[in-house]
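Dear colleague,

Here is the structure I promised to pass on to you.

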Amino acid sequence: MEYCARCCYPANARPTIIFDDEGVCSGCRYHESRQNVNWGDRERLLRAVLEEQKARAREAGNPYDCIIPVSGGKDSHYQAYLMKHVYGMNPLLVTFNHSYNTRLGNENLRNIVKKFGMDLVRFTASPEAARKISRYMLKRVGDMTWHYHAGIRTFPFQIAVKYKIPLVILGEHGFAELTGLVSIDDLVEHTKWSRQEHDMRGIEPNQLINEESGITRHDLSPYVYPPDEEIEKVGVRGLYMSNFFYWDALPQAKKMHEEFGFNLHPGMRERTFILHGKIEDHANDVHDYLKYLKFGYGRATDDASMEIRHGRMTREEGIELVKKYDAARPSSLDIYLDFMGITEEEFYSCLDGMRDEEIWRRTSKGKWVVTDSIAKHVNDFGVNEARVPLVAKADRTFGKNNRKYYWRDDLADAAAKKMARQEKKAARRIIVL
Ligand SMILES: [Zn+2]
């Protein structure tokens, strides 16, 4: 397997990644291209769109001038902050509740509503429908969070049409930031197609209705995108804020934690070292573990690569973290096996035909083993030439200015470890509402 000479991504990273002559990946080049953007111009562009929406809402007598889809994470907080405090908008918050919440996630969602004084529409999908869809999609595409991604990418647009609110404010364009799927110059917006292709694995809800799945039209209602005519009639657009600002999760999470009460994960996690991202639900750990089982890399690869690009960590430090976390079986898998009513053997056997044989090999005894890893590519050609200059020591990932935002066992004090144990206990259940 080829690995990026700068970050930790393998050549089979999803949805797609390419390497240039220097062995550097498209995600790293995308990140680099952010240095050349005139962010002042971008901000003015956004401001003009927002002012226009404000005027349109006033004219139409609509109390809301934009929608912010929120989960309760750091980005939700930051989007709410931008819209309300920086631009004086009147947003309607919209949450698709997929049933896989953590206590911390629900607390953070309440925090947004209270701190920013906004109205919230929360749609709770029936846990029974979530169970049926999770089971079926695990078998069909190796993904038990299809309803989760489909819901968060669809339901806010249903509300946009119903309430006639044409502007939907999204956070970062994840696939652009991670693997450089698009160019920063394209100012890509949310579309029905990108939602289907990247968030829903190319599958529209009606394709889930069959005898085997037992899924009904009723179960799928929150995942059906409004018809094109209705989207056009209201003029709905979904804008990614990462196209208008220099996006860096760490300073944004810091600001939200320090000034607006965003709760951080209190201590060690099972699949990554970051304590401020993707902490609002259990599903991320299992979803990410599935990615590892299929493609041989996981969230620590994503998170370490981003830290390396920001100059907060060396590639060597990133590799150590990938070794520590990427293959770890999350304990929340037990919760999901129980929820879906399947055994662990059934879970693994669902994936047999989906493992990327570029990286997985099946032994004669039927056991799957990884055939390569970035740990074997520490000194690859071009690594030294591809390095990003490091920031000051105190500002690095595990530097003293960032202690609360990342976890490293040897740096954590006894109180943090105790809190982490308590949180882990509390987190061992799915909280529907
Ligand atoms: Zn890279």
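In this model, which is a predicted one, the C-alpha centres of domain 1 and domain 2 lie 25 Å apart. Domain 1 covers residues 36-243, and domain 2 covers residues 253-426. Where the two meet, 29 residues of domain 1 are in contact with 28 residues of domain 2. On the side of domain 1 that touches domain 2, helix 3 (74-86), helix 4 and helix 5 (127-141) each supply at least two residues, and the largest share, seven residues, comes from helix 4. Sorted by class, that side of domain 1 has eight nonpolar, 13 polar and eight charged residues.

Helix 4 spans residues 103-116, and Lys115 lies in this helix. If neighbours within four places in sequence are left aside, Lys115 is in contact with Phe260 and Gly261. Lys115 is also 9.4 Å from His77, C-alpha to C-alpha, although 38 residues separate the two in sequence.

Not counting residues up to four places away in sequence, Lys417 touches Gly267 and Ala412, while the C-alpha atoms of Lys417 and Tyr348, which are 69 residues apart along the chain, are separated by 32 Å.

Turning to the strands, strand 4 (residues 167-170) has Leu167 and Ile169 pointing one way and Val168 and Leu170 pointing the other way, and all of these residues are buried. Strand 4 runs parallel to strand 5 (residues 237-240), and four bridges join the two; within strand 5, Arg237 is the bridge partner of Leu167.

Finally, helix 1 (residues 26-33) has Ser26, Gly27, Cys28, Tyr30 and His31 as its buried residues. Among the elements that cover these buried residues are helix 7 (174-179) and helix 12 (299-309).

With best wishes

Note on methods
Residues numbered from 1 in each chain as written. Predicted model: local features only at pLDDT ≥ 70, side-chain atom pairs only at ≥ 80, totals over all residues. Buried ≥ 20, exposed ≤ 12 C-beta atoms within 10 Å, placed from the backbone. Pairing = 2+ DSSP bridges. Contact = placed C-beta atoms within 7 Å. Domains from an automatic or database assignment. Nonpolar A, V, L, I, M, F, W, Y, C, P; charged D, E, K, R; others polar.
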